[in-house]
Amino acid sequence: KAIKKIILSGNYVSGLNVKLFEEKFSKKFNHKHSVALNSGTAALHCALIALGIKKKDEVIVPSISFASTATSVLHNGSKPVFCDVELSSYCLDPEDLKKKINSKTKAVILTHFTGNCCNMDKILKILKNKKIFLIEDCAQAHGSKYRKKYVGNFGDAACYSFYATKHITTGEGGMVVFKKKRYEVIAKKIRNHGLVDRNNHE
């Protein structure tokens with residue numbers, strides 16, 4: 001009935017239902033600023049743009065993850081730097097992370113691989129007092145918790161996928177969430193080409 005109502009309305013893109021999904025998703029996983037997108041890859045790319053990661057900036061990514069964790073960095077014109085993973089979880093290895101950080105490092109994307117959580121205590125300690133953004137790739141970890149706290153709530157941004165193989169699915173789809181409102185505002189402009197009304201783009 002819900003699908004029929006949407007089809008008959010003729011409003012297939014965005015609209016009230018997407019807004020409600022963003023709100024309910026935020027409430028469920030304790031996020032403040034959720035922006036629905038067409039894929040988890042778009043969510044990663046959007047996060048990089050919104051956070052101001054520029055061309056030639058280095059972004060540390062895990063050596064094991066779905067390809068878009070790294071290719072989203074390439075889409076942004078930035079350089080992915082591969083970090084080793086821990087064999088116990090296939091999540092980012094904090095010890096190797098220390099070695100990969102340099103003056104060009106502007107962000108770290110970690111992946112909570114197949115629901116396993118990264119060692120957030122060690123990673124946050126390494127990044128403390130460094131001007132490096134942390135993006136959590138939660139595409140495979142909707143609802144996973146680290147020390148009783150949902151993943152996606154540790155970094156500056158987090159990205160989710162609702163692809164057909166995921167345990168929350170919209171067929172295709174993604175979500176990027178931010179701690180700060182100003183990044184949500186930028187992401188919403190990116191999502192719809194800056195469209196303000198029928199004829200104006202900002």
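View 1. At 38% relative accessibility, Tyr-90 counts as partly exposed, a class that lies between buried, under 20% relative accessible area, and exposed, over 50%, as found with a 1.4 Å probe and protein chains only. This is a predicted model, in which local features need pLDDT of at least 70 and side-chain atom pairs count only at pLDDT 80 or more, while totals for chains, interfaces and linings use all residues. Residues are numbered from 1 along each chain as its sequence is written, and side-chain values use heavy atoms, with hydrogens and water left out. Tyr-90 sits in the loop between strand S3 (79–83) and helix H5 (94–100), where helices (H or I, at least four residues) and strands (E, at least two) are DSSP runs numbered from the N terminus. Although Tyr-90 is not a glycine, its phi is positive, at about 60°. Ser-89 lies in the loop between S3 and H5 as well, but Ser-89 is buried, with a relative accessible area of 10%. A polar atom of the Ser-89 side chain lies 3.2 Å from the backbone nitrogen of Cys-91. When residues up to four places away in sequence are not counted, Ser-89 touches Phe-113 and Asn-116, contact meaning heavy atoms within 4.5 Å.

**View 2. The packing of helices H3 and H4.** Two packed helices are described by the angle between their axes and the distance between the axes. Helix H3 (residues 40–50) and helix H4 (residues 68–75) pack at an angle of about 45°, and their axes are 9 Å apart; the axes are lines fitted to C-alpha atoms over the stretch in contact, and angles run from 0 to 180 degrees between N-to-C directions. H3 and H4 are therefore oblique to each other, the class left over once angles under 35 degrees count as roughly parallel, over 145 as roughly antiparallel and 65 to 115 as roughly perpendicular. From H3, the residues Thr-41, Leu-44, His-45 and Leu-48 meet Ser-68, Thr-69, Ser-72, Val-73 and His-75 of H4.

**View 3. Helix H3 and what follows it.** The buried residues of H3 are Gly-40, Ala-43, Leu-44, Cys-46, Ala-47, Leu-48 and Ala-50. Ser-39 caps the N-terminal end of H3, with a side-chain oxygen 3.4 Å from the backbone nitrogen of Thr-41. Just after H3, Gly-52 takes a positive phi of about 85°. Lys-56, in the loop between H3 and strand S2 (58–62), has a positive phi near 75° although this residue is other than glycine, and Lys-56 is exposed, with a relative accessible area of 74%.

**View 4. Asn-153 in the loop between S7 and S8.** Asn-153 is found between strand S7 (149–150) and strand S8 (157–161), and Asn-153 is buried, with a relative accessible area of 12%. A polar atom of the Asn-153 side chain lies 2.9 Å from the backbone oxygen of Phe-29. The side chains of Asn-153 and His-31 are joined by a polar contact of 3.4 Å, a term for a pair of N or O atoms within 3.5 Å in which, within protein, one must be able to donate a hydrogen and the other to accept it, and for which residues adjacent in sequence count only if both atoms are side-chain atoms.

**View 5. Gly-173 in the loop between S8 and S9.** Gly-173, placed between S8 and strand S9 (174–178), counts as buried at 6% relative accessibility. Gly-173 and Ala-42 are 131 residues apart in sequence and 8.8 Å apart in space, C-alpha to C-alpha.
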